[in-house]
Amino acid sequence: MSELLDVFIGESRENLESASQELLEIQSSGPAPERVDKIFRDLHTIKGSSDLFDIKPLTRLAHAAEDLLDSVRANEVSFSNDIGDLLLEALDQISIWFDELEVGSQDLEQWQPISVNLGAQLRHFIDPDASCGSSNENEAVSSKESSSVNQNLTDTQRELLADFSENADLKLLCQTYGPYCYLIQYTPDEGCFFRGEDPVNVALTLPGLKAFNIAMPELDHDADIYNCMTRIKAIGCADEDVIKQHMAYYEGQYTVTFFSSQALSASCASKIRENIAQIPDETLTDAIADNNLEQVNSSAGLLLASQDFSDADCDDAKRVTLQFLSTASELDFLSRAEPSSHAETAESASQSISNEAFVGTDDKASVNVLSNADEDAPLKSNVKLADISARPEKILAPHEKAILTQQLTLLNSDNYKTELMFPSIAGLVGNMLGETFSDEDTLAVAICNALDDETINEQADEIHKQQSTEEASAETTQQTNTSPSTADFSEINTVPGRGDSPQPIKAERQAVKMLKVDQTKIDYLMDIVGELTVAKNSLPYLAKQAEEEGGSRKLSKQIKAHFSIVNRLTESLQSAVLQIRMVPVSHVFQRYPRLIRDLARKLDKKIELCMQGEDTEFDKNLIESLSEPLIHLLRNSIDHGIESPEERIEKGKPETGRIDLIATPLDDSVIIEIRDDGKGIDPNKIKLLAFQKGVITESQLESIDDNEALQLIFAAGFSTSEQVSDLSGRGVGMDAVKTMVSQAGGTIEMYSEVGVGTTFKLLLPQTMSVNRVMMFEVSDQMFGVGMDAVVETVKVPTSDIQRIRNEHILVIREKLIPVCNLREALGFEQDVDREEQSILVVSTPQGEFGLIIDKFHEGIDVIQKPLEGVLAGYAHFSGTALLGDGRVLLIINVQEVLAKCR
Amino acid sequence: MPIAFKKKVAVMTGHCEIEEAESLFTWLNEEASRQVNLKALTSAHTAVYQVLLAKKPKVSVWPESENLFWLIKIMNNKSNVWCE
Amino acid sequence: MKTVMIVDDASTVRMFHKMLVSTPDRIIEEAENGVEALEKAIGTQVDLFLVDVNMPKMDGYRLCKEIRRNEALRAVPIIMVSTESANRDAERAYQCGANYYMTKPVDADMLKLVVSAVIGGGSNE
């Protein structure tokens with residue numbers, strides 16, 4: 001739904017913008033109708049769309065502004081600068097609300113009074129006399145004109161009225177003015193007093209209040225009288241807007257239903273007729289028959305004055321009836337609703353539709369539905385027909401009934417024109433019922449049949465056969481059969497609500513557009529996240545400090561609590577940002593085929609590159625930093641691995657060499673393999689070379705196994721190539737590849753079999769994840785070392801460090817641990833002799849080592865970044881991280897440092 | 001003082017705020033025969049009405065204020081009040 | 001495949017209605033006003049119009065009339081969805097040739113049901 005909100009805010013801002021501009025234009029150059037119209041339309045759009053969201057105050061304000069502009073448009077109100085200013089104010093207010101909506105900080109409770117206030121000011125221009133709410137009579141009268149007899153009360157409304165009090169409908173009718181009545185059930189929350197609410201007085205000031213009752217349970221002696229137990233029901237005459245505005249603060253505590261006064265009078269008609277029949281007064285009955293209003297008024301008034309109404313119930317009804325008749329201004333409805341025996345079927349059918357279809361959803365809608373079938377002569381015969389040849393189609397859901405009823409109404413309406421309306425009605429009904437129609441009569445009959453539930457069950461089987469011939473009906477029949485009539489409702493309630501909604505929403509999601517963002521922005525975001533990560537790490541220290549120095553345990557606890565929140569948020573933020581940066585490896589891989597083709601051609605070799613797993617996702621920065629080493633490895637394979645075609649044929653291999661480039665996700669890592677089917681590497685040759693170049697010692701030359709020997713090609717200053725190929729220029733050796741890979745947090749291994757081929761296997765983290773590093777100090781500078789590598793920290797007397805041959809050795813728990821002085825390795829001055837040394841014991845593939853440092857510090861989470869600029873050449877650092885205070889932390893590459901040390 | 005508690009009668013005057021509800025309730029609970037004088041009462045908070053309607057004490061003098069016509073009716077067990 | 005054309009000048013409302021009525025077996029067309037709707041509808045197969053009342057250029061009422069006057073489109077059912085709740089508006093919509101009238105903001109489930117009832121498919125399955 002938030003996408004919808006985004007669209008809404010975006011669109012509405014445009015509307016606001018355009019409306020403001022037009023308003024300013026109008027203020028400077030007068031109200032041109034098309035400008036007013038444009039502003040009206042803008043506000044109308046905002047109002048209409050805002051209705052989709054639960055932001056009532058905004059909707060109401062936009063509505064008020066729209067109404068004012070409508071009046072201006074219709075020349076009922078002349079535009080003034082005051083109006084312009086107020087409208088601009090309203091637009092600004094709406095704009096402010098959009099700002100809040102956008103960041104999610106909206107507070108509807110706060111909006112409400114602003115909305116009411118501005119709305120009232122706007123409406124004041126429309127009708128200066130209307131004291132807020134008490135009457136909208138002018139408007140009411142105007143809207144009366146076209147309202148027709150197609151209205152009635154729903155059953156629920158009738159029940160509510162009857163429940164309110166006996167003859168409540170009649171009594172209300174006596175007093176109605178304006179087109180709309182309401183019935184409100186106001187059940188304040190128990191705790192409402194504590195919010196400063198005063199329900200009874202709220203109810204007493206309801207606009208157009210006609211009657212109310214207050215229900216109050218007996219209170220025990222120990223009852224809490226500050227719990228509100230009052231239940232209020234009230235009826236009166238006022239427009240929906242006015243009531244909703246009045247009750248706006250009490251949303252959720254009340255239910256209200258609205259009905260038109262016409263509907264009320266229509267539903268009272270029979271009751272009035274009944275009562276009239278019981279009043280034995282010829283003057284009155286004659287006057288009514290003659291529709292002589294004056295006479296009715298006066299004779300009813302006379303009767304009212306002279307009658308003795310000491311009798312209880314039934315006379316109450318009579319009295320009210322007379323009261324009504326004595327003041328009635330219109331009696332047409334009495335004769336209009338006279339039930340005709342022919343139309344009864346149609347009437348009852350449509351009535352039940354209006355009730356069933358919309359109870360609880362929308363009362364207004366139900367008012368529209370009822371047909372005026374009884375007035376239409378041709379239909380009566382149809383309905384009659386329907387009774388005889390009843391051939392019902394299927395069980396209808398309430399909404400289907402409502403639709404069908406409307407079509408029937410359309411068919412019978414005064415301005416029905418066959419040529420214009422028949423095709424769509426016939427098509428629609430045909431589609432619903434699975435039939436085709438050629439003329440109005442059969443169509444009307446079919447609708448009436450379909451609407452008539454009663455006979456369905458008996459004849460369901462028959463229809464079955466008929467319908468199965470038509471494609472369109474197939475589905476509907478199925479639905480009919482699977483759901484018995486009682487299950488119908490539950491199906492309607494549940495199916496569309498839950499089961500169906502995910503689907504369209506999903507479809508919507510797929511349409512979401514990609515956003516192209518400058519990578520530097522994301523990198524910047526990443527930097528900030530990194531800093532945030534570090535900054536949040538200071539909170540536990542603050543907490544500790546608060547407890548130790550400030551002596552406030554409570555404060556310390558609060559800080560810790562906040563830390564856990566900030567920590568969680570930072571982590572989510574981090575992973576979100578990391579997700580943004582994920583790209584498929586194809587991003588880098590796609591450059592290679594061409595590279596390989598060019599290289600192969602240059603060397604007169606035939607090589608085929610096979611790539612797999614190109615859609616494996618990878619952090620963009622990581623993959624870019626890997627591009628270089630991968631190229632180097634590929635070159636290596638082409639240059640030294642794959643043999644020339646002649647050589648290959650000689651060895652019985654296919655002429656074309658093959659290089660596989662495979663990316664495979666593995667948990668949080670990705671394995672990248674570069675495999676060639678070339679000549680392979682001879683471990684003995686490597687051993688020898690390594691010895692010659694001083695990479696390994698003589699003793700190692702003998703003890704090292706083949707696999708270890710192969711890994712020697714990654715050692716610094718090693719190159720197997722006997723003659724320097726022009727391709728492996730740039731001075732990048734395998735050691736550089738290894739450095740780059742380990743800087744990216746990965747590892748690299750090589751496997752090779754002479755004559756079969758060589759495989760490089762890179763294991764890389766999928767994201768630039770957060771590393772926990774241990775901080776320590778050497779020569780007043782902070783350094784870090786990956787927490788994974790740290791085994792323990794010990795402090796030993798300097799004398800414990802022994803010198804054996806060329807190495808410093810420390811014995812910890814009977815284990816010999818070579819130690820390395822970091823001051824020396826990092827090129828700092830030697831420290832004055834200390835009595836005690838801090839040793840950081842780290843584990844490496846070569847075993848445990850001790851690093852002599854100056855001082856231990858805490859461990860922190862950092863996002864490690866590769867070395868840049870001048871530092872890039874220093875292999876003994878694996879990367880840098882930014883500290884909370886802006887300092888850069890250098891992270892030690894333990895293996896490199898140890899190599900230097902020895 | 002919107003409510004003056006005398007020996008047998010509580011005299012309610014002007015507008016009675018929500019704070020009065022509790023003392024009125026306690027006072028009425030103490031003895032069933034206690035009465036209220038509403039002569040000068042003009043309006044009250046729902047909580048105060050709630051006490052009056054729930055306890056329905058005997059009323060020594062009914063309110064003069066026209067605004068409270070409904071209170072008279074409801075306290076006389078008429079469930080519905082029509083504004084006429 | 002059934003085609004529903006949603007005609008409303010507010011893109012938010014169009015999106016909302018689209019979310020409600022789109023199913024895999026329906027094509028949703030959108031138009032911002034009556035003129036655009038007619039232009040798009042003529043020459044395409046449209047099975048249902050979902051029409052707003054108040055729109056610039058050509059409002060919903062006129063669009064209904066135009067659709068009914070157009071021989072190719074005449075048989076296409078029209079559901080009008082409007083913010084105007086007054087009866088006169090429904091009345092007018094029906095006079096202009098709408099087959100059904102619903103008040104905005106429409107009850108989401110009701111709109112789905114009505115659309116499915118009229119053209120089939122959707123939540124009926």
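**View 1. Pairing of strands E1 and E2 in chain B.** In this predicted model, E1(B) pairs with strand E2 (residues 9-16) of chain B in the antiparallel sense, over three bridges. Two strands count as paired if DSSP finds at least two bridges between them. Helices (H or I, at least four residues) and strands (E, at least two) are DSSP runs, numbered from the N terminus. Opposite Ala4(B) stands Val11(B) in E2(B). Strands of a sheet pair through backbone hydrogen bonds, either parallel or antiparallel. Residues are numbered from 1 along each chain as its sequence is written, chains are lettered from A and ligands numbered from 1 in the order in which they are written. As a predicted model, local features need pLDDT of at least 70 and side-chain atom pairs count only at pLDDT 80 or more, while totals for chains, interfaces and linings use all residues.

View 2. Contact between two residues requires C-beta atoms, placed from the backbone, within 7 Å.

**View 3. The surroundings of Asp52(C).** Asp52(C) lies in strand E3 (residues 48-52) of chain C. Asp52(C) counts as buried because it has 28 C-beta neighbours inside 10 Å; the classes are buried at 20 or more other C-beta atoms within 10 Å, exposed at 12 or fewer, and partly exposed in between, with C-beta atoms placed from the backbone. Leaving aside neighbours within four places in sequence, the contacts of Asp52(C) include Asp8(C), Asp9(C) and Ser82(C). An unreviewed UniProt entry lists Asp52(C) for "modified residue: 4-aspartylphosphate"; UniProt positions follow the numbering used here, feature names are shortened, and annotations may be inferred rather than shown by experiment.

**View 4. Antiparallel pairing of E5(B) with chain A.** Strand E2 (residues 209-215) of chain A and E5(B) pair in the antiparallel sense over three bridges. The bridge partner of Phe212(A) in E5(B) is Val81(B).
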